[in-house]
Amino acid sequence: MNNQDKLKLSHNIALIAGIFCAAVALLLLLNFWQITKTDPIESKALEALVERLKDDANNEELKEEIRNFDLLARKAYFNSQWQVETGAYMLLFGAIVLALALRLYYSAKSKIEEPEKVLENEIASRIIAQKGIIIVGAAVMVLALLASFLSVNQLKSYDASALVADNETPVEEAVEVINVAPAQTTSNEVSVEATADESASAENVTEETSTEVQVEETSSEPVAEKSAVETKPAAASSGITLAELQKNHNSFRGPLAQGVVMHKNIPTEWDGAAGTNVVWKAEVPKHGFNSPVIWGDKLFVSGADNTSREVYCYNRNDGKLMWTGVADNISGSPATPPRVTEDTGLAASTLTTDGNAVFAIFGTGDVIAFDMNGKRLWARNLGVPDNHYGHSSSLITLNGKLFIQYDTNRAGKVMALDNKSGETVWETQRDAKISWASPVLAEVDGKYQLVLTADPIVAGYDVGTGEELWSVECMMGEVGASVGYADGIVVAANEYARMVAIDIRTQEILWEDDFYLPEAASILAHEGLVFVATSYGVFVCYDLKEGELLWEDDFGSPVYSSPVLADGKVYLMDNEGVMRIYEFSRELKKVGENVLGELSGPTPAFADGRLYIRGEKDLFCIGK
Amino acid sequence: MRNQLNQNSHKLQATSHKQSRFFGFKSKSVLFTFAFILFTFAFNLLSLNLSAQKQRFPKPEFETGYEQPSPVTPEPRALAMEYFDVLILILVLAAATYFALKSRSRQGILWLSIFTLVYFGFYRNGCICSIGAIQNVTLTFFDPAYAISLTALLFFIIPLVVTLFFGRTFCAGACPLGAIQDLVVVKPISLPKWLNKTLGLIPYLYLSLAVLFAATGTDFIICRYDPFVGIFRMDAKFLMIVLGIAFLLMGMFVARPYCRFLCPYGVLLSWMSRFSSRHLTITPSKCIQCKLCTHSCPFDAIDFPTNEKEVVKSGLGPKRFITYALVIPLWIALGVFVGAKSHTFLSKANQDVYLAELLIAHPELRNDPDNIDVQTFLASGKPMEQLVSEATAIREKFYIGSMIAGGFMGLVIGMTLLNTVVFRKRQDYEPHKGNCFSCARCVDYCPVEK
């Protein structure tokens, strides 16, 4: 093969390879454009079909159509990807052939040339190089400076806004604490300020400012009278005092989740089936074992099934459903809800509200906040809880923080989220196994603690920082009953384990007992008495200080609902919908026994003259 | 022309001694023995590798025959295989050095670079490479929680050590990025010296940014913007493929554009190579000033004899040298100032800083379920205060780092300027020790025999 042949051959090969490369490159570009248009996840047609399915959830034909369309879209997408990959290899092959052919072509074409006599003038070149270096160097510097002047340091602005917020909040709180108690006397006001000052100076935590409020009292019953004149610190937060909390029923088992409510004139007789003393009855769209919570005229419950999770707001005066908030489109929320048992469900945790927003948590780990008119404020997923029954610990709020017990099979933790933003304010890892009990707020020397019980510890946490203040290793098993708290004594118990009374200040175990133990019903402690309801239907009263068994009522039907003290009486609902009412007394004195007409389980909520019970399907307002 | 000259020079030095060599080896048996040992060792290690990669829990099997793709590219490699890579690197470096310095065989280096391209490029998917190892080494110094692998450290150090003694033979035959560019050189054009010098600033800038981003734990930009790794892996994003192909197309006429005007590792190699005692020479003996090699280097890395008369006449003498030397501190000060000023801008490349600023500037994005960055952060449960404080700490690091990087760039500009007025007495045509890739192209042009 002579040089001419080489030249011709390499020229032709290069030409063919060039055309081939150009064609493949063009096809690749087209394919790339096609892929960007046909992302199966972004498919508008599929979205439209899914939207249609939402309206017609049981349309099997539509489901099949969606599956087929989805498969087709994916096939097309992966086919295009395969084409791109294959095309890329073909292009690479073509490019190699082209490069080799060109090398051969140019080597065959080149001729012997004499070395250049005059080479590049090095001196002139160096002088230009100097200019070039200075220009490029200066250009780099100028560009960097330009970029620096055009960029804003946003982090600084965050610091400023955070500082302002930090400075403002306590002032607001302090002012509102004083203003919100109009019924207080002058002497009370003085004590408020004094206590507030003390607390602020001693603890430097103004959000836990304590005050004393006097609840107006008209009742003639001795025990109720006693409870009415008691003094308690205010839960100062965003303008909420304990007095205001006590006017409402903002969490599971009422204010502070202690099972003690201050409302009066609570009915003691009704018949749900016959409609006796039933003010209204409303069906709840989706099932849930959570208990109603109340703020003002609004009552909140939640419901869930595998398709969706919802929050319902009812007008508590007439039972009208005011709005429904759907907990959807939450990042991190599982596409398929975790498997939970039927007697727990996905909406077992009771909601809470601070009067500005209502908060809900579901078995999926979704936490969501709506304002009082149903506008979604924030939502986040805490990670799907590894819980073999389903997450059931209820929410509670104080000082602008939302407290969540999140003990799962993976790890135990308790956390506080910011009510306004949902951001984590603190998070504390707990040396505890999974538990289902709800947090209880306990006031100790003017400061609040969050008290939790689980296997193996009963522990108190600082509400402001999440610091574990104390813990006592005394519990075991699958703990579902929340603690009772009164007079500086925490009472914790669990079935097949034991009941212990712990001095919250010294962590001394005052007494313990293992005869009557609750499975799900939380413990009620108040004014020297402790009430425990076993799952097999025995309601028992103990002495708080000594642990002495005072009385027991063996009615024999299962109880998951928690006893609540209201209007001097203890209300206990059993799973069959029968509510037994006992006098708050050291002797057994049954006041009444009323039938709801449907199964129940949640704990009732109270308002003046009214009792709100969630049955299996319906929500009942009992009153005269 | 070069190939014609090549043929010509071959004719000039056609001796039976040279014909009997293959890749510079004296006999074929040596090659076969070497290949046999190599492949036996490779086979043994490969079987070891397979057993090491056994899954603790087997992956689910699909009836359709679907195979699950690996989530990591390239897949994690057994430690023994990593050491095998180091061994290959050492062998390739030894071979490249042998071909460049001892046997002076361009053909040997060409085939070696093809092997490198296939092994380190397409088979090892361009990872690990010495260029990227700069970042691993940097991160080791600045992040106590980061432990560099011995392989990465060796990949970083070995080529530098070899270069310190023998010049940039790593670039000639052991770097896959160099190899892919070298193979597509078709009709290289000679760039004027001033352009070479000016563009030569870019690698220093790239190196300083790469070190800055690695030291602050922001990003490995050398790997992220490697134009050829996408070609090696066949999985790059569209724009990176376009960039890679653009570099290759450009490389047909401007030889090795990445190596000359971007490669940050090239900066370090260039420094080392300047001190190399046994660098490749164009002529095996004494230069006869035939000028045949003047255009043999596609990388413009041959220095010509100094014309002393011209130098004296030019006025680029001691006066300008002193001026430029005195200006260096000013360049450094300017660089430090610019670095300090631009640290805010540069730190925005950090993911934490970016996220914190995004959430501060646009708090409404918290409610955007489609913003994956924001939603992932929110789901993590990390408090905003923590994110902001971490971002602020990173920005502080950038403040210091940017000043150092700026000062370094100022020094580089000052020194490069100073270099333009420094003339070394040169009688012959010699490869520029810093810029020469030791590809041995020029060797074939020299008619002189030992």
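Good morning. I begin with one residue in chain A: Gln429(A) touches Ala411(A), Gly412(A) and Lys413(A), leaving aside residues up to four places away in sequence. Gln429(A) belongs to strand E14, residues 424-430 of chain A. With a relative accessibility of 51%, Gln429(A) counts as exposed, because the threshold for that class is over 50%. Its side chain makes a polar contact, at 3.2 Å, with the side chain of Glu427(A). As a further point of reference, the C-alpha atoms of Gln429(A) and Tyr406(A) are separated by 9.5 Å, and these two residues are 23 apart along the chain.

The unreviewed UniProt entry annotates residues 12-33, 87-106 and 127-150 of chain A as "transmembrane region".

Let me now move to chain B. Chain B has 21 helices and 2 strands. Of its 450 residues, 50% are buried. If one takes the contacts in chain B with a separation of 6 or more, 82% of them join residues 24 or more positions apart.

A word on confidence is needed here. The mean pLDDT of chain B is 83, and 84% of its residues reach 70 or more. Over residues 1-56 of chain B, however, the pLDDT is below 50, although this stretch has 57 contacts in the model beyond near neighbours in sequence. Where pLDDT is low, the predicted coordinates should not be read in detail.

The next topic is the aromatic residues. The structure holds 36 aromatic pairs over all chains. One of them is formed by Phe170(B) and Tyr265(B), an edge-to-face pair with 5.7 Å from centre to centre and 80 degrees between the planes. Which helices does this pair link? Phe170(B) lies in helix H8, residues 169-174 of chain B, and Tyr265(B) in helix H16, residues 264-274 of chain B; the two residues are 95 apart, so the link is between distant parts of the chain. Both Phe170(B) and Tyr265(B) are buried.

A second pair has another geometry. The ring centres of Tyr204(B) and Phe408(B) are 6.4 Å apart and the planes stand at 45 degrees, so this pair is tilted. Because Tyr204(B) lies in helix H11, residues 201-215 of chain B, and Phe408(B) in helix H21, residues 384-419 of chain B, the pair ties together parts that are 204 residues apart in sequence.

I close with two arginines placed over rings. Within chain B, the charged end of Arg256(B) sits over the ring of Phe437(B), 4.9 Å from its centre. Between the chains, Arg126(A) lies over the face of Phe423(B), at 4.0 Å from the ring centre. Thank you.

Definitions and conventions: Residues numbered from 1 in each chain as written. Chains lettered and ligands numbered in written order. Heavy atoms only, no water. UniProt positions renumbered as here; feature names shortened; annotations may be inferred. Phe/Tyr/Trp six-rings, centres within 6.5 Å; stacked < 30°, edge-to-face > 60°. Helix = DSSP H or I, 4+ residues; strand = E, 2+ residues; numbered from the N terminus. Buried < 20%, exposed > 50% of the residue type's maximum accessible area, 1.4 Å probe, protein only. Lys NZ or Arg CZ within 6 Å of the ring centre and 35° of its normal. Contact = heavy atoms within 4.5 Å. Polar contact = N/O pair within 3.5 Å; in protein donor to acceptor, adjacent residues only side chain to side chain. pLDDT = per-residue confidence, 0-100.
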